[in-house]
Amino acid sequence: MDLLHGFGGQLLLGAVSTVELAAASLVVGTLFGALGCWMQLSGSRVMRGIGYLYAAVIRGVPDLLVVFAIYFGGSLTLASLTGRYVEINTFVAGVVALALSFGAYAAEIARGALLSVPQSQREAARSLGLNRAQALWTVVLPQAARIALAPFGNQSIVLLKQTSIVSIVGADELMRKAAEASGATREPFTMYLAAACIYLVLTGLATLCLEWSERRASRAFGS
Amino acid sequence: MVGASRVTRVRQLTMFDFSLVWTVLPTLGKGALLTLKLTALIVMLGTLLAFPVALCRNARSRTLRVAANAYVMFFRGTPSLVQVFLLYYGASQFQAIQHSVLWPVLRDPFWCVLIALGLNSASYTGKTLAAALAAVPRSLREAAFSLGLSRIQAFWTVDLPLAVRAALPAFGNEIILTCKATSLASTVTLLDLTGTARLLTSETYAPYEVFLSAGLVYLAINYSLMFATRRLEALLDHSR
């Protein structure tokens, strides 16, 4: 890696952190999304209100603002709880912020997918003697998952790119490594271009995975 | 001790201070003006550039198609933050640029954000527009030709109006995404809404109040934008 003045390895390490950050945010974000969707479809008005408010607020503000709010607000909360100044872990703050953002979109996707499964499917499952949980798990969810796959995958790719903003509060991922390498070599264009190429490979691989799973998921429909 | 005084401040500020929201709102308003200005200019630049991108993507020439696809792939496949940094920090690497007429523009963070996010927006809008243009039924164009319209006339009076109307919902979404993306301006020293909020936080040590206020301003802007684009869609929709 003579081209990158020995920083190639550092950038690759950064890419690994980026993937870890994205994977952790995806898992936590999906949980937030499931929770948000469950609240939005809940019978209680208060729960529905909170579920919709969550999605509406997060979707209306920039992710960077959410990252700042979690990072600085989280530091202050921890400080007031423990009584001394604590620096919050940037990886954790990043995962929480990115997951909050992803969850808001995931909730909308999940709600749309669940509602698009015809009511008759649920009724048919119930009339066959399945209880509510069984009907949801074996009849409604498999059909909804197929509908949600494409938008969910696209949002995951957005998430992968959005991990870059966590570098602003100092999380040690690809963007951060590129910034450090730029400072050390005084070749910011080379370093950011290298980072851009790595992101391109990551999003390209994610797109291929998504296309493959979409093909697999649509296969059963034909038979 | 700095640390000790900071802790006392922290303790004093654990309660949510509503009066602080009113104090910071005027300053945040100034930041919001820059956010709005950037959003408007980026959307304009992005829309303007979306037309050549869309035409190249649908062009008969293979070279043009490959070039447009590569452009769209780069801007959609990499984070906007890399694009902004590549232009703002990257340009300084080259002596040739520093001595050229471009330098006053590329040295200015405002122009860098505008150009980087404008190019980014053009890739998204261009892709939508290309798909919308390709979806215009052939029969409509043939009907236009048979009425004696030239290719250019048919494009302007038949293809484009239909494509624009079809692309409008996605375009409205793109405006809101652009407004949110302008928050990246704060990473290259600009005092937009996010940048101002960050500055106010370091001055007041009150992240809850400041970021909540900034969030409310963003919500007001974005939901107004959403309302406006929905109205525009309804106005242009003659089928109803």
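**Figure 1. Helix H7(B) passes helix H9(B) in a right-handed crossing.** A crossing is right-handed if the near helix is turned clockwise from the far one by less than a right angle, and left-handed if anticlockwise. This is a predicted model, in which local features need pLDDT of at least 70 and side-chain atom pairs count only at pLDDT 80 or more, while totals for chains, interfaces and linings use all residues. Residues are numbered from 1 along each chain as its sequence is written, and chains are lettered from A and ligands numbered from 1 in the order in which they are written. Helices (H or I, at least four residues) and strands (E, at least two) are DSSP runs, numbered from the N terminus. H7 covers residues 109-134 of chain B and H9 covers residues 151-181 of chain B; the two pack at an angle of about 150°, with axes 9 Å apart. That makes H7(B) roughly antiparallel to H9(B), a term for angles over 145 degrees. Axes are lines fitted to C-alpha atoms, for helices over the stretch in contact, and angles run from 0 to 180 degrees between N-to-C directions.

**Figure 2. Residues in the contact of H7(B) with H9(B).** H7(B) contributes residues including Leu117(B), Tyr124(B) and Leu133(B), and H9(B) contributes residues including Asp159(B), Phe171(B) and Ala181(B). Two residues are in contact if their C-beta atoms, placed from the backbone, lie within 7 Å. By class, this contact has eleven nonpolar, four polar and two charged residues. Ala, Val, Leu, Ile, Met, Phe, Trp, Tyr, Cys and Pro count as nonpolar, Asp, Glu, Lys and Arg as charged, and the others, Gly among them, as polar.

**Figure 3. Helices H9(B) and H11(B).** The axes of H9(B) and H11(B) cross at roughly 170° and come within 10 Å. These two helices are therefore roughly antiparallel to each other. Among the contact residues are Arg165(B), Pro169(B) and Cys179(B) of H9(B), and Asn222(B), Met226(B) and Glu233(B) of H11(B). Sorted by class, the contact has ten nonpolar, three polar and two charged residues.

**Figure 4. The side of chain A that touches chain B.** In this pair of chains, 33 residues of chain A are in contact with 37 residues of chain B. The elements of chain A that give two or more residues to this side are helices H2 (45-60), H3 (63-82), H6 (132-162), H7 (174-185) and H8 (188-222). H8(A) gives the largest share, ten residues. By class, this side of chain A has 22 nonpolar, eight polar and three charged residues.

**Figure 5. Helix H2(A) and its buried residues.** H2(A) has 16 residues and reaches 22 Å from its first C-alpha to its last, close to the 22 Å expected at 1.5 Å a residue. The expected span is 1.5 Å times one less than the number of residues. Its buried residues are Gly51(A), Ala55(A), Ile58(A) and Gly60(A). A residue is buried if 20 or more other C-beta atoms lie within 10 Å of its own, exposed if 12 or fewer, and partly exposed in between, with C-beta atoms placed from the backbone. The buried residues of H2(A) pack against H1 (8-40), H3 and H4 (90-116) of chain A, together with H11 (207-236) of chain B.

**Figure 6. Gln134(A) in helix H6 of chain A.** Gln134(A) is partly exposed, with 13 other C-beta atoms within 10 Å. Gln134(A) and Ser218(A) are 84 residues apart in sequence and 23 Å apart in space, C-alpha to C-alpha.

Methods. Parallel < 35°, antiparallel > 145°, perpendicular 65-115°, else oblique.
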